[in-house]
Amino acid sequence: MNQIQLPETYAALSDFRKNDVYLPEMNQAQLIADFFPGTFTELTQRLSDITGAFYGGMLKQIGKLYGAEAIEQISSTFMYDLGSRMTLRNLEVKPNLQPGIPAVAKILMGAVFTSSPEYNFEFKELNDYKCELLIKGVDRYHKITHSLQIAGLLKWPVIKPFIQGICDTMGLDVLLEIKVLRLDPDSKCSYHVMVTEK
């Protein structure tokens, strides 16, 4: 009889799965092999897709219940709060992180590393007075809202309030500018981000 090979992702994440209980008649190894993401890339993409689907689905329902104008308002408020919460968490776990423009860049990089795998960043300049970078890749928020036909009700990029939340939570008096250089129907994007001291 062939031994079923479990994905390496399952072994690496076994702490999360150690309390799962299967029925005796269930073929645990086969279920894991069939349904557990086989690679970390696949796992990360699935998590990102679910995050996007949650964001888009909630906004679409909000539009049905409260009108189209509520979609932008809720998105903006949510993104701002998310940026603020991520900043507070980073300041708590990284006590040596000094509030300032370089810290904004670090928190933004951390957000891309942990939460936005489809984005890449390209720094143009970073010092105590200025952060200039490009955020490129696929915008999952545009992807889901475009497919749900509500993208036109949002101000792009929807991550601007997220970055503003980072800056405000650190008490920074800065000017934040984001320009959309590219945002295609397939959600490929390029955003020019500038955070400068006032």
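Student: What should I know about the model before we start?

Tutor: The model is predicted, so local features need pLDDT of at least 70 and side-chain atom pairs count only at pLDDT 80 or more, while totals for chains, interfaces and linings use all residues. Residues are numbered from 1 along each chain as its sequence is written, and side-chain values use heavy atoms, with hydrogens and water left out.

Student: How many aromatic pairs does the structure hold?

Tutor: Four. One of them joins F113 and F121.

Student: Why is the pair of F121 and F123 called edge-to-face?

Tutor: The ring centres of F121 and F123 are 5.5 Å apart and the planes stand at 65 degrees, so the pair is edge-to-face.

Student: What makes F113 exposed?

Tutor: Buried means under 20% relative accessible area, exposed over 50%, and partly exposed in between (1.4 Å probe, protein chains only). F113 has 60% relative accessibility, so F113 counts as exposed. F121, at 28%, is partly exposed, and F123, at 29%, is partly exposed.

Student: How do you know that K136 and E122 form a salt bridge?

Tutor: A salt bridge is a side-chain nitrogen of Lys or Arg within 4 Å of a carboxyl oxygen of Asp or Glu. In K136 and E122 the N to O distance is 2.5 Å, so the pair qualifies. A search of the whole structure finds 10 salt bridges.

Student: Where do K136 and E122 lie in the chain?

Tutor: K136 is in strand β2 (residues 130-138) and E122 in strand β1 (residues 119-126), 14 residues apart. Strands (E, at least two residues) are DSSP runs, as are helices (H or I, at least four), numbered from the N terminus. K136 has 29% relative accessibility and is partly exposed; E122, at 27%, is also partly exposed. Salt bridges that share partners join E122, K124 and K136 into one network.

Student: What makes β1 and β2 a strand pair?

Tutor: Two strands pair if DSSP finds at least two bridges between them. β1 and β2 have seven bridges, in the antiparallel sense, so they pair. The two strands form a hairpin with three residues between them, and L126 stands opposite C131 in β2.

Student: Why is T196 called buried, and which residues does T196 touch?

Tutor: T196 lies in strand β4 and has 16% relative accessibility, so T196 counts as buried. Contact means heavy atoms within 4.5 Å. T196 touches I101, Y129, K130, V174 and L175, not counting residues up to four places away in sequence.

Definitions and conventions:
Rings of Phe, Tyr and Trp (its six-membered ring) pair if their centres lie within 6.5 Å; planes under 30 degrees apart count as stacked, over 60 as edge-to-face and the rest as tilted.
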